[in-house]
Amino acid sequence: MLYPRESETREVHSLDGIWNFVRSDPDNPTQGIRDKWFEKDLSKSQPTIPMPVPASYNDITTDNLRDHVGTVWYDRRFFVPRSWRTDQRVWLRFGSVHYEAYVWVNGKRVVKHEMGHLPFEAEVTDVLMYGSENRITVMCDNALIQTSVPQGKITEVPNDNGMTIVQSYTFDFFNYAGIHRSVHLYTTPKTLIEEVKVTTNLKNQNADGEVSYSVSVKGSVVNEADNDLHIQANLYDKEGLLVANATSDGKLEGELQVAEVKPWWPYLMHPDPGYLYQLEIKLLAANEELLDVYRLKVGLRTLSWDQTQFLINGKSVYFRGFGRHEDSDIRGKGLDNALMVRDFNLLKWIGANAYRTSHYPYSEESMQFADEHGIMIIDECPSVDTENFSQELLGKHKSSLEQLIHRDRNHPSVVMWSIANEPRTGSLTADSYFSLVANFTRSLDKTRPITAAIATPYTKDQAGRHLDIISFNRYNAWYTNTGRLDMVTQNVIDEAVAWNKAYQKPVIMSEYGADTLEGLHIQPAYVWSEEFQMEVFSRHFKAFDELRKKGWFIGEFVWNFADFKTAQSYTRVGGNKKGVFTRARQPKAVAHLLRKRYFALGRDLDQCNIPEDIFIYIAEWKS
């Protein structure tokens, strides 16, 4: 599924804005289906309220919508121009709806999709009214059960008014729901470019590059009588100069040879990180008639890995970054371009070169931004706290990975696939389950390594043998030995050594940290204070530097980039406070400490320049 882009042959129209919204009765979640609310405006069936799209619906109102369990409904009207009627196809695309969505256009169901955080689309050519007003209706269900990805439980419990429905889940972030990302109508020719797969390679000591492409086509021209469709592929550099071109045969695939290539490098590993070329794909008929055009950005780079290291363009990488969340005040997990730009500015300010999309796929817009800024991504599917392994769950887990990889495989920033976060890998059934998941992932993409963030002790883990890179989460001095700063450094070293000894693979610490209330200062350091967070980080830094000497420790990821909302709990005051930045994206004291470390690592490992403001003037020292 290609990201919607305009071209000579395609138009894109946004349906973002204010929609009408209805909350279903939690005790009667299918009422709207039975009463056919989708056949007319929602306002004719129930009272509606305005609801922004994209956004989570939970924090918009002042009532108890925040904790609603079950279905909600959206609708809006829109015009389709008469010009769209002629000789083309029209598609309706959602960037993400969490968790399950049913979509009707003019009363006719056009698509059903299960899985939050991933796009879906449907052709709506034959259900639209051209030169007239149309209606789109969406039913969204946020319920999580033991066979959804992620998992949850629905229970009925007594309350003051009788019984009520309660959603529970073990993962530590709020189950925001709604139409989270943009909604688009877009047009294509009748015969269209449906998929583009790109792989790249560097040759001759990174002097030359190669772009391999394959194209899938959909449409009425594609039949046995006409096998003469072909592709004209053109590659342009940042200045718009043509650097390579090729014409494919009927197989619709080929290679572009790029001399004097400018490789894609991560941030701080090169003076010009995130260099992108533009690949132009033209679909031509036998008579050279232009049928369709699609353009995408590509970065030329080579990934490799072995038992001790991960390399990009032949150079060893040391990851320094974050686990993150798509989370903000009011909007929840809704796409927010201003927030996205702020986050990338902070990532670069602090000297990070990577993050993990914990614990679900992030927006396509953020993936494009990572490409442009040279930020490496460990791309994680929405499997979190996975347990009670079953065949039905396995099928959905695989589906989430297949959708993720098809969406993100062309992004140079994506350097690794994460197939789960903190799954219950101590179970005996976890061995066969994750063998199947890992092998399935490799069947879809062999160009990137596979990892999973594991919290199970290495002595009980059944999944690590199926991974290429070991990632482990551990909260020394917080969840373990709370407050004991003297029990951090050696514990981190011992556990990392044990993981490496068990599996003989590179090791990353994918989560560490401590909750911190901004502005709370206690000396000596005490849990929840800014002093304690800085001490916890410092003790981990010492362990990481010892581990780096061993040659197989390849990265450190803080948990978390910013404070985020969780389910209500007496252990969470307004959410998880492990952020280096507040939820409003302002730095805590530890951000300045971490910035010094990340840039020091960049200087020592990648010879990057140190910002002038990283060390402030204190005094003139005299010997």
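UniProt, in an unreviewed entry, lists residues 307-599 as "domain: Glycoside hydrolase family 2 catalytic". Keep in mind that what you're looking at is a predicted model. In that model, the span 307-599 is 35% helix and 16% strand, and its end C-alpha atoms sit 27 Å apart.

**The largest pocket**
- The largest pocket holds about 440 Å³ of space.
- It has 18 lining residues, and the ones closest to its centre are Arg66, Asp67, His68, Val69 and Gln167.
- Sort the pocket lining by class and you get 7 nonpolar, 8 polar and 3 charged residues.

**The largest cavity**
- Searching the whole structure turns up 6 cavities of 30 Å³ or more.
- The largest cavity has about 190 Å³ of space.
- Its lining is made up of 18 residues, with Glu326, Asp336, Leu339, Met340 and Ser363 nearest the centre.
- Helix α2 (residues 337-350) supplies the largest share of that lining, namely 3 residues.
- As for classes, the lining of the largest cavity splits into 8 charged, 6 polar and 4 nonpolar residues.

**The second largest cavity**
- About 60 Å³ of space lies in the second largest cavity.
- Tyr3, Arg93, Phe94, Gly95, Arg181, Ser182, His184, Ser363, Glu364 and Glu365 line it.
- Strand β5 (88-94) and helix α3 (364-373) are the elements that give two or more residues to this lining.
- The class count for the second largest cavity is 4 charged, 4 polar and 2 nonpolar residues.
- Where does the second largest cavity lie? It lies between domain 1 (11-142 + 177-189) and domain 3 (315-606), because both give residues to its lining.
- Ser363 turns up in two places: it lines the second largest cavity, and it is among the residues nearest the centre of the largest cavity.

**A three-stranded sheet**
- Strands β22, β23 and β24 line up in that order as an open sheet with antiparallel pairing.
- β22 (303-305) and β24 (315-316) are the edge strands, each with a single partner, so one side of each has no neighbour in the sheet.
- Strand β23 (residues 310-312) and β24 run antiparallel and are joined by 2 bridges.
- If you want a spot to look at, find Ile312, which stands opposite Lys315 in β24.

Conventions:
Residues are numbered from 1 along each chain as its sequence is written. This is a predicted model: local features need pLDDT of at least 70, side-chain atom pairs count only at pLDDT 80 or more; totals for chains, interfaces and linings use all residues. Side-chain values use heavy atoms; hydrogens and water are left out. On a 1 Å grid over the protein atoms alone, a cavity is a set of points where a 1.4 Å probe fits but cannot get out, and a pocket is an open set with protein on both sides within 12 Å along at least five of seven lines; lining residues have an atom within 4 Å of a point. Grid points are joined across faces, edges and corners, and a volume is the space filled by probe spheres set on the points. Ala, Val, Leu, Ile, Met, Phe, Trp, Tyr, Cys and Pro count as nonpolar, Asp, Glu, Lys and Arg as charged, and the others, Gly among them, as polar. Two strands pair if DSSP finds at least two bridges between them. Helices (H or I, at least four residues) and strands (E, at least two) are DSSP runs, numbered from the N terminus. UniProt positions are given in the numbering used here, feature names are shortened, and annotations may be inferred rather than shown by experiment. Domain bounds come from an automatic or database domain assignment.
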